[in-house]
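Welcome! Have a look at the sequence and the structure, and then we will walk through where its parts meet.

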Protein chains: 2
Amino acid sequence: MTESPSTPGPVAFEDPAYLAAVVDLLGAIAYGEMSAFERLAEDAAMAPGLDDKAALARMASTEFGHFERLRERLEQVGADPFAAMQPFQQPFDAFHARTAPADWLEGLVKAYVGDGLAADFYREVAAFVDADTRELIIESLDDSGQSGFVVDRVRRAIVEDHRVGGRLALWGRRLMGEALTQAQQVAAERDALSALLAGGVDRPAMDLAAISRLFTRLTENHSKRMEALGLSA
Amino acid sequence: MTESPSTPGPVAFEDPAYLAAVVDLLGAIAYGEMSAFERLAEDAAMAPGLDDKAALARMASTEFGHFERLRERLEQVGADPFAAMQPFQQPFDAFHARTAPADWLEGLVKAYVGDGLAADFYREVAAFVDADTRELIIESLDDSGQSGFVVDRVRRAIVEDHRVGGRLALWGRRLMGEALTQAQQVAAERDALSALLAGGVDRPAMDLAAISRLFTRLTENHSKRMEALGLSA
């Protein structure tokens, strides 16, 4: 949340370009939450025990709760939530298809590393929107302390079999690569979203140096998450 | 909720047989909710559009919310919720394996008919437990008006292609048959649950005539649900 520009007031919604950008942003996050729900529910099916299954199902339900609030907000600003989500379906589904976890542990690492990366990115972009939208986005990214569960399970698995650590470290690097590839594609295709970062008459822009610092922050946070899991980044 | 016996007071929990029966009952419903969550989340993946997907994911999250309250209650009465659920894992999973929906519509019918039947049964059994437990069970069975969504989608599909009605009617009959088979197996294996219906010193029993009337009610309600979907029972 560095380089936070001045906050556009409610008047910003009268700017069609700004409205389109916010709808795009909320649509992307909403589809991401829905897609996280589906993925976590699938992972729950792979859980080794009922308590782990319940923990994953709880994470899935939390993501769905976030989705509901984003959907309401899209309706509030006069957008069709499903139309807003639609452009993000293909790139998100492609990411998930290319990173289908082979087992329970890969699913956990993906949930933790993938959601963390997405959350970091959205938090950065949220600095460019009005206060109400920003607050909703920040709330949607709250993981309710559920990542503690993942860290515990992954570290425990590495203690039991240290070879697991090498395999999961490679997996984490692949996730980061695939996520950046898809994010670049989305940025290239969604003009409204990119325009948000490029600024407007009454909104400050993010210059190339700032974008480069953003990527540095994303990469650093990814490394910290890998370390938290006991994996080399 | 006919033939409601007198409500056992909190003192009932001092009776180990009664406590065991309540733990069995809550464990069964809790596993059923968890399993409904998983099934609905799987069905969401088959949804033809994002709005349908969201509707199914919403149903799944509601079931998970019920699960959480049942889990808390099991902990309150001093039971390990996962140990209480464990005996029901095999029969529920067997039911789901034998009735895996081939498509989106079969999934919807299963959600509606299966959950309706389970809810009827638990509501009947709830008449035999203390007021607090009963209230929790009744709350857990509330579908928050979500069945309206299923009725709408199934009726619409039959209007579009009337052959769908014949196929789904057969499917509904099969679901009922498989559910009764599994329920009988559970009743035969879980002495504590059966003892609840058989009564105790301070609790009235359900005699054979009452059990026969119960089955008549379950069958009648099933027929009403099939009718609501526009299917012959």
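Two residues are in contact here when they have heavy atoms within 4.5 Å of each other. Please keep in mind that this is a predicted model.

**Two helices of chain B**

- In chain B, the axes of helix α2 (residues 50-76) and helix α3 (residues 81-98) come within 8 Å and cross at roughly 115°.
- From α2(B), the residues Phe67(B), Arg71(B), Leu74(B) and Glu75(B) take part, and they meet Pro81(B), Phe82(B), Ala84(B) and Met85(B) of α3(B).
- Sorted by class, this contact of α2(B) with α3(B) has six nonpolar residues, two charged ones and no polar ones.

**Where chain A touches chain B**

- Chain A brings 23 residues to the contact, and chain B brings 23 residues.
- About 1800 Å² of area is buried between chain A and chain B, and carbon and sulfur atoms give 72% of that area.

**Charged and polar pairs across the interface**

- There are four salt bridges between chain A and chain B.
- Glu68(B) and Arg58(A) form a salt bridge, with their closest N and O atoms 2.5 Å apart.
- Four residue pairs are in polar contact across the interface of chain A and chain B, with both residues at pLDDT 80 or more.

**The chain A side**

- On the side of chain A that touches chain B, α1 (16-45), α2 (50-76) and α3 (81-98) of chain A each supply at least two residues.
- Helix α2(A) gives the most to this side, with 12 residues.
- The residues on this side of chain A divide into 14 nonpolar, six charged and three polar.

Methods:
Residues are numbered from 1 along each chain as its sequence is written. Chains are lettered from A and ligands numbered from 1 in the order in which they are written. This is a predicted model: local features need pLDDT of at least 70, side-chain atom pairs count only at pLDDT 80 or more; totals for chains, interfaces and linings use all residues. Side-chain values use heavy atoms; hydrogens and water are left out. Buried area is the accessible area (1.4 Å probe) that two parts lose on being put together, summed over both. A salt bridge is a side-chain nitrogen of Lys or Arg within 4 Å of a carboxyl oxygen of Asp or Glu. A polar contact is a pair of N or O atoms within 3.5 Å; within protein, one must be able to donate a hydrogen and the other to accept it, and residues adjacent in sequence count only if both atoms are side-chain atoms. Helices (H or I, at least four residues) and strands (E, at least two) are DSSP runs, numbered from the N terminus. Ala, Val, Leu, Ile, Met, Phe, Trp, Tyr, Cys and Pro count as nonpolar, Asp, Glu, Lys and Arg as charged, and the others, Gly among them, as polar. Axes are lines fitted to C-alpha atoms, for helices over the stretch in contact, and angles run from 0 to 180 degrees between N-to-C directions.
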